[in-house]
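Colleague: I would like to learn how to read this model. Could we go through it one feature at a time?

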Amino acid sequence: MFVWIENTALALWVSTSLWAYPFLLSLHILGLAVVAGIFLLRDLHLIGLIGALPPSNFFDLRGLAYAGFTLNAISGFLLFSSQASILVGNISFLLKISFLSIAMALAVSIHKQIDKGGNITQPKISAFISLTCWFGTITAGRLIAYVF
Amino acid sequence: MLVWDNHCRPANRVCILRTFMLENFAKSISDSSLTQWIQTEYWLWPVLEIVHFFGLTLLIGGLIIIDLRMLGFFRNINLQSTHKLIPFVMMGFSLNLATGVLFFFGDPMRYAINIGFQLKMILIIIAGLNAACYHISIDNLAQKAGANDSSLLLPRLIASISLSSWFGVLLLGRLIPYVGTG
């Protein structure tokens, strides 16, 4: 299946076009700054490191963060498609996707908890795990190029 | 001593200045023990990259919130409370300055002649001057007005310059391995 992905017209465009890969990498780092930036600061805020503010303070930004995530899901999939069969065997890539899935699931759950109001302790724990996962996502993502 | 860059036309003064300063500096440090250390420790480069990415997330993530609020978006967020993000932005910048200097020392000649790197440095200087303007003028304006009014033109201009220059820094940085020299 992954070899089939690599041979689709889109994947071939990514791997053979001179500018497609750097262009997609640029979009990917833009999306990273938006989604990881907003969620990382949300986590630091929930843990209590950004002063005494209401927990919902930076929550209007979630839409923008999800937009960043969508940008990265699309650009990430296109980057993946060009070397799908290699990346599915790359431990760093698999770790990145795992960390990312946990972080995004936690984002949804944290936002639900905050919307309900009430107990702030639970989001605090989720925020700490989420923070760790974003750090894991960035670390593992960067290491994809170094692990074979 | 003038080091001539073959990619520059002699008529281009900026080009001569740039080449003269950066390339000479790069040459002078290329035999340093720091350069040799960075090149021999194979694990160091990926670690620096990870820290650099983490730093950019803090730096640009924080600025997106602060600048978009100054531009008038997300009005439910208290303008003053976005200022509490500034220490995190500064932390991100410090991490990236430190790792960035080590990158340069690790491969000075490659960076010195890379157009992506040169433009990135220019944009960082613009972003820095813009941030200085922000501190000088916003403090004065806030004192005069008694409160921060986000409808003022100047804060919006500063926020736009900040966002666009940092996004430029981000893109140029990512493209350094892909763009040509000189």
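Modeller: Start with contact separation in this predicted model. Take the contacts in chain B with a separation of 6 or more. Residues 24 or more positions apart account for 78% of them.

Colleague: Which elements does chain B have, and in what order do they run?

Modeller: Chain B has eight helices and zero strands. From the N terminus on, the order is α-α-α-α-α-α-α-α.

Colleague: What share of chain B is buried?

Modeller: A residue is buried if 20 or more other C-beta atoms lie within 10 Å of its own. In chain B, that applies to 33% of the 182 residues.

Colleague: How should I read the interface?

Modeller: The size of an interface is often given as the accessible area lost when the parts come together.

Colleague: Which residues touch the most other members of the largest nonpolar core?

Modeller: A:Ile38 and A:Phe39, in a core of 58 residues. Both chains give elements to this core, including helix 3 (20-47) of chain A and helix 5 (86-106) of chain B. A:Ile38 touches A:Leu61, A:Leu64 and A:Ala65, as well as B:Gly61, B:Ile64 and B:Ile65, not counting residues up to four places away in sequence. Another core, of nine residues, lies apart from it; B:Leu22 and B:Phe104 are among them.

Technical notes
Residues numbered from 1 in each chain as written. Chains lettered and ligands numbered in written order. Predicted model: local features only at pLDDT ≥ 70, side-chain atom pairs only at ≥ 80, totals over all residues. Helix = DSSP H or I, 4+ residues; strand = E, 2+ residues; numbered from the N terminus. Buried ≥ 20, exposed ≤ 12 C-beta atoms within 10 Å, placed from the backbone. Contact = placed C-beta atoms within 7 Å. Core = buried A, V, L, I, M, F, W, Y, C linked by C-beta atoms within 7 Å.
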